[in-house]
Amino acid sequence: LSESGVPQLVQPMIWDYAADLDVEGKVQLIEKYRRCGFSKVWFASAFKGATGVNQSLTLIGHHLKNHLQWLKVASDSPADVLEGIALTGWQRYDHFSVLCELLPVAIPSLAVCLQALENGGYSEKIKENVEKLLGMSNLETETFMR
């Protein structure tokens with residue numbers, strides 16, 4: 001890869017939507033990319049649509065945990081390597097599948113994930129801020145919102 005010149009033309013994106021992603025493995029992968037000449041990498045997470053083809057509602061806790069894991073990867077990696085993070089919001093698994101987790105039911109998850117990334121973590125204060133922003137009285141992260 002180094003000799004091909006590709007690392008000067010593109011930046012790789014590392015995709016993982018798991019709530020328990022392998023932080024150490026991702027850090028090692030970033031190091032492999034750096035040894036190949038890539039100076040920057042992107043991460044790709046999901047705020048919705050990555051937990052099941054027939055999923056109707058968004059389980060915020062799953063996506064929040066995914067983003068908190070990505071924050072750990074970022075903090076365990078060289079400071080200058082992360083170019084950005086793409087928050088994906090899948091709506092179908094393929095063109096023949098039904099739609100899943102439409103945007104309106106996922107807006108609380110998007111808000112929680114964005115706030116966690118912006119603040120470098122998640123706390124009761126951040127939860128209260130999201131509730132205030134969305135006009136909600138009780139944001140559920142470990143169960144489905146009612």
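**Figure 1. Glutamine 69, a buried residue of helix H2.** At 14% relative accessibility, glutamine 69 falls under the 20% cut-off, so this residue counts as buried. Glutamine 69 sits in helix H2 of what is a predicted model. Setting aside neighbours within four places in sequence, glutamine 69 is in contact with Ala19, Asp20, Leu21 and Val23. One of these, Asp20, gets its own close-up next.

**Figure 2. Aspartate 20, out in the loop between E1 and H1**. Is aspartate 20 buried or exposed? With 65% relative accessibility, aspartate 20 counts as exposed. Look across to lysine 65, which is 45 residues away along the chain: the C-alpha atoms of aspartate 20 and lysine 65 are separated by 7.2 Å. Aspartate 20 is also among the residues that glutamine 69 touches.

**Figure 3. Helix H1 meeting helix H2.** Here we have H1, residues 23-35, and H2, residues 60-76, with axes that come within 9 Å and cross at roughly 45 degrees. That angle is why H1 and H2 are described as oblique to each other. As for handedness, H1 passes H2 in a right-handed crossing. On the H1 side, the contact is made by Val23, Lys26, Val27 and Ile30, while H2 brings Gln69, Trp70, Lys72, Val73 and Asp76. Sorted by class, this contact of H1 with H2 has five nonpolar residues, one polar and three charged. Glutamine 69 from the opening view turns up again here, as one of the H2 residues in the contact.

**Figure 4. Histidine 63, another residue of helix H2**. Histidine 63 has 0% relative accessibility, so it counts as buried. What does histidine 63 touch, not counting residues up to four places away in sequence? The list runs through Ala46, Phe47, Lys48, Gly49, Ala50 and Thr51, then on to Thr58, Glu101, Ser109 and Cys113.

**Figure 5. Helix H3 meeting helix H4.** The axes of H3, residues 103-119, and H4 come within 10 Å and cross at roughly 135 degrees. H3 and H4 are therefore oblique to each other. This crossing, with H3 passing H4, is right-handed. From H3, the contact takes in Ile107, Pro108, Ala111, Val112, Gln115 and Asn119; from H4 come Ile126, Asn129, Val130, Leu133 and Leu134. Eight of the residues in the contact of H3 with H4 are nonpolar, three are polar and none is charged.

**Figure 6. Stepping back to the chain behind the close-ups.** The protein chain has four helices and three strands, and reading along the sequence gives the pattern β-α-β-α-β-α-α. Its C-alpha trace spans about 55 × 40 × 20 Å along the principal axes. Of the 146 residues, 36% count as buried. Among contacts with a separation of 6 or more, 75% come from residues 24 or more positions apart. Confidence is highest in strand E1, residues 13-15, at 98, and lowest in helix H4, residues 124-134, at a mean of 95.

Note on methods
Residues are numbered from 1 along each chain as its sequence is written. This is a predicted model: local features need pLDDT of at least 70, side-chain atom pairs count only at pLDDT 80 or more; totals for chains, interfaces and linings use all residues. Side-chain values use heavy atoms; hydrogens and water are left out. Axes are lines fitted to C-alpha atoms, for helices over the stretch in contact, and angles run from 0 to 180 degrees between N-to-C directions. Helices (H or I, at least four residues) and strands (E, at least two) are DSSP runs, numbered from the N terminus. Angles under 35 degrees count as roughly parallel, over 145 as roughly antiparallel, 65 to 115 as roughly perpendicular and the rest as oblique. A crossing is left-handed if the near helix is turned anticlockwise from the far one by less than a right angle, and right-handed if clockwise. Contact means heavy atoms within 4.5 Å. Ala, Val, Leu, Ile, Met, Phe, Trp, Tyr, Cys and Pro count as nonpolar, Asp, Glu, Lys and Arg as charged, and the others, Gly among them, as polar. pLDDT is the predictor's confidence in each residue, from 0 to 100. Buried means under 20% relative accessible area, exposed over 50%, partly exposed in between (1.4 Å probe, protein chains only).
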